[in-house]
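Subject: Structure for your review

Dear colleague,

Please find below the structure that I am handing over to you. My notes on it come after the display.

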Amino acid sequence: MAQGTVQVTHTGTSRWRRRTGEYASLAAALEAAADGDVLTVAPGTYRENLVVRRAVTLRGPENSPGSVRIAPLDGVPLTVRASAVVRDVHVEGQDTTAPALLVEEGTPEIAQVRIVTRSATGVEVRGDARPTIRRCTVDNPAGIGIAVLGGGGVFEECEVVAAGQSGVAVSGGAHPRLERCRIHHTSGAGLSATGGDCALEAVGCEVYEVRGSGVRVTGGATAHLTDCDVHRTTGDGVTLDTDAVLTLADCRIHDVPENAVDLRSRSVLTLTRTAVRRFGRNGLSVWDPGTRVDANQCEISDSTGDYPAVWVSDGATAVLEACRVHDVPDALFVLDRGSRADVVDSDLAQVRNTAVSVSDGAVAQLDDCRIRDAATGAWFRDHGSGGTLSNCTLDGTRTGVIVTKGADPTVERCTVSSPAEAGVYVSAGGRGSFLGCRVTDSKGYGFHVIDGCRTTLRKCRTERCARGGYEFADGGPDAGAGSGPVVEDCSSDESGGVRLPTARETVVQTASAHPGLLGALPGQRTTEQEPPVTAAEPERSTRSAKDVLGELDALVGLDSVKREVRALIDMIEVGRRRQRAGLKAASVKRHLVFTGSPGTGKTTVARLYGEILASLGVLEKGHLVEVSRVDLVGEHIGSTAIRTQEAFERARGGVLFIDEAYTLAPEDAGRDFGKEAIDTLVKLMEDHRDAVVVIVAGYTAEMERFLSANPGIASRFSRTITFGDYGPEELLRIVEQQAEEHEYRLAPGTAEALLAYFTALPKGPSFGNGRTARQTFEAMLERHAGRVAQLADPSTDDLTLLYPEDLPALS
């Protein structure tokens with residue numbers, strides 16, 4: 001029989017009286033005790049349902065943790081309805097419908113209690129109870145760890161080691177505070193607050209190993225997290241929905257496969273000095289009118305997925321002040337009318353694609369910001385999209401600012417340094433006002449405006465731009481009056497100054513003269529890139545198969561590739577002849593995999609392959625449509641399938657060439673939309689097997705991963721053709737062909753010097769094969785021009801001979 005020792009102390013002014021008693025059960029001892037009594041429980045297992053109704057102390061023996069077990073067969077093991085003290089006991093629940101520890105009234109203190117149960121709730125606080133719970137652990141793999149349904153209280157240094165649902169769930173207008181608690185291994189949200197008048201406060205807490213969202217605040221609830229860690233979740237790190245309000249200060253959200261923070265439906269989030277790192281989708285995902293994020297002194301970095309770090313859409317608002325966003329695919333995407341982003345004194349750096357993208361009527365305002373090392377600094381994409389860039393610097397981008405399709409931003413007092421293509425590029429009806437802006441050290445143009453765009457340039461300046469400070473092209477002979485840029489008080493260190501477009505210059509001429517700029521524009525996920533000229537309907541090839549094969553044979557090197565293509569063509573041709581003779585023809589799958597390094601002729605061979613098939617009557621037109629991931633993968637659910645279908649339709653009757661196809665199946669893809677593109681492609685190849693030939697290309701190892709991404713993808717391709725790297729002799733032959741085509745000659749000794757140059761040239765990951773040979777030839781022409789320009793009366797040999805000293809230095 002279990003025993004309890006009750007020590008009762010009465011205090012008074014004149015005397016002390018002390019009495020003790022032995023009781024057959026804890027329930028009897030509790031019934032006999034009065035307020036202020038201490039119940040010291042002897043070690044043992046008590047199969048009782050205890051109810052504490054008075055302000056007593058119920059405790060196990062000191063220095064013997066776990067020796068007192070309260071473990072009834074059903075019902076609530078321990079209920080507290082007074083401002084009592086409970087400590088050093090072990091509570092075990094057996095009833096799946098009842099909490100293990102229920103606190104209903106008062107301000108009790110509960111310390112060093114371990115709750116182990118498989119019930120609806122480990123600890124439940126109801127009514128107006130406001131307990132102080134210290135250093136307690138809850139293990140409830142079947143239900144909620146701690147449920148605060150009313151009142152509130154303080155939880156200090158507590159731990160939820162397992163929960164079948166939420167780790168801590170707050171509702172019913174409750175206001176609990178968590179200090180230095182750990183919540184982990186839950187099958188629902190780590191922390192959850194639901195309902196108006198409900199508030200959760202957490203300080204110094206850690207939430208991790210969560211199957212779901214780390215923190216979820218919904219239905220008008222409020223939460224404040226300070227110095228907390230949220231990481232290793234399977235869902236979003238933090239989810240806010242329906243008028244939720246959350247404040248994060250000095251927190252860390254990291255190692256999240258989905259969105260680090262996702263908020264919708266008029267929710268409001270305030271972040272201060274908070275770090276968001278290693279997230280699989282968006283760092284901040286902000287949706288719907290009335291939804292708002294205010295971030296101050298925050299860092300968003302190290303994305304593990306292929307999505308923008310900050311996503312603002314459907315009329316939401318984001319404000320970033322003194323923030324850093326770096327090492328991400330894209331930094332900030334703002335889209336949809338009514339959406340707005342304000343970014344002040346912030347750094348956007350190491351961005352693989354676009355730092356700031358504004359589309360679908362959205363607005364972005366950037367003041368005193370720094371954009372570094374991005375493919376595109378800021379891209380205003382379409383009609384109604386705009387905003388202001390003021391006092392910003394853009395350094396080390398491919399293109400500083402792009403304006404397309406009717407977008408109309410204001411860019412004032414901004415500096416673009418060292419762009420690889422252009423400082424500013426405006427096309428396809430883009431507008432924009434550039435006031436007091438400066439472009440320096442561009443490898444291409446400073447300001448490049450085509451298509452007769454009505455762009456305004458005032459008091460702008462360019463310096464040291466390789467292809468010229470300003471390049472304008474009007475809209476062609478059909479352009480209306482008043483089209484073209486407005487240029488006022490602009491200057492350049494180029495001797496020619498600012499040259500306005502003339503009527504004879506057309507979009508076609510400008511695009512053909514400088515094809516590299518538009519081709520280098522970074523891919524966008526929400527709209528397709530604007531081509532320089534509307535593509536005409538592709539016509540069927542008029543050359544014979546023999547003529548096209550002759551061009552294939554004339555390519556430098558690629559001997560094994562030529563053999564593979566000829567073998568395939570022979571199979572197709574013999575099959576056609578057998579059919580005409582009334583014989584069965586072997587089924588030949590015409591889809592191909594091209595593997596190898598860049599610059600080895602994959603695109604050229606794909607184009608010739610399409611022409612050959614058209615000349616044989618296998619394809620209707622034989623044209624080539626070249627796409628990559630950015631042309632196929634959308635940002636929204638369902639948009640990827642539409643884009644892939646559109647690309648397939650453009651290639652109907654010809655060849656769909658997917659470059660770097662392995663990017664559709666990235667490692668650790670999770671919910672990456674690339675898989676949707678692959679699945680759509682497999683179905684289209686099956687449903688329209690005779691309409692389009694598909695060629696996928698990329699590095700050898702990565703293409704093996706691509707072919708395993710979908711059970712049906714590998715079976716759709718007949719063979720893999722490997723394009724080997726060019727050797728020094730083949731690179732020399734390419735230079736010789738270029739020289740002959742451009743009416744240059746190699747002087748004695750130049751061929752030997754080129755051979756030695758290509759032999760010594762490093763063959764690292766950036767080696768471009770045929771592209772390297774062509775770039776070497778172009779560099780020789782530049783050095784030749786610099787040498788010959790100094791001659792007063794150069795001879796024909798001077799104008800045509802390339803010498804060893806014209807070779808660029810090895811880097």
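This is a predicted model: local features need pLDDT of at least 70, side-chain atom pairs count only at pLDDT 80 or more; totals for chains, interfaces and linings use all residues.

Residues are numbered from 1 along each chain as its sequence is written, and side-chain values use heavy atoms, with hydrogens and water left out.

The chain as a whole

The secondary structure comes to 14 helices and 66 strands; helices (H or I, at least four residues) and strands (E, at least two) are DSSP runs, numbered from the N terminus. Of the 811 residues, 54% count as buried, where buried means under 20% relative accessible area, exposed over 50% and partly exposed in between, with a 1.4 Å probe and protein chains only. Contact means heavy atoms within 4.5 Å. Among contacts between residues at least 6 apart in sequence, 52% join residues at least 24 apart.

Nonpolar cores

In soluble globular proteins, nonpolar side chains tend to be buried together. A nonpolar core is here a set of buried Ala, Val, Leu, Ile, Met, Phe, Trp, Tyr and Cys residues joined through side-chain atoms within 4.5 Å. The largest such core has 129 residues, of which Leu178, Leu269, Val356 and Phe434 touch the most other members. Strand β43 (residues 347-359) gives the most to this core, with 5 residues. Leaving aside neighbours within four places in sequence, the contacts of Phe434 include Val401, Val403, Val411, Phe447, Leu457 and Cys460. A second, separate core of 30 residues includes Ala647, Ala665, Phe673 and Met703.

Helix contacts

Helix α13 (residues 770-788) packs against helix α11 (residues 728-741) at an angle of about 50°, with the axes 9 Å apart. Axes are lines fitted to C-alpha atoms, for helices over the stretch in contact, and angles run from 0 to 180 degrees between N-to-C directions. Angles under 35 degrees count as roughly parallel, over 145 as roughly antiparallel, 65 to 115 as roughly perpendicular and the rest as oblique; α11 and α13 are therefore oblique to each other. On the α11 side, Leu731, Ile734, Val735, Gln738 and Ala739 meet Gly770, Ala773, Arg774 and Phe777 of α13.

Helix α12 (residues 750-760) also has a contact with α13: the axes of α12 and α13 come within 12 Å and cross at roughly 130°. That makes α12 oblique to α13. Thr750, Leu754, Tyr757 and Phe758 in α12 meet Ala773, Thr776 and Met780 in α13.

Single residues

Asp368, in the loop between β44 (363-367) and β45 (370-380), has a phi near 55°, a positive value in a residue other than glycine. With 39% relative accessibility, Asp368 counts as partly exposed. Lys459 has a positive phi of about 55° although it is not a glycine, and lies in the loop between β55 (456-458) and β56 (461-463). Lys459 is exposed, with a relative accessible area of 60%.

Thr132 is placed in strand β15 (residues 132-134). Between Thr132 and Arg177 there are 9.6 Å in space, C-alpha to C-alpha, and the two are 45 residues apart in sequence. Apart from neighbours within four places in sequence, Thr132 is in contact with Pro108, Glu109, Ile110 and Val154.

With kind regards
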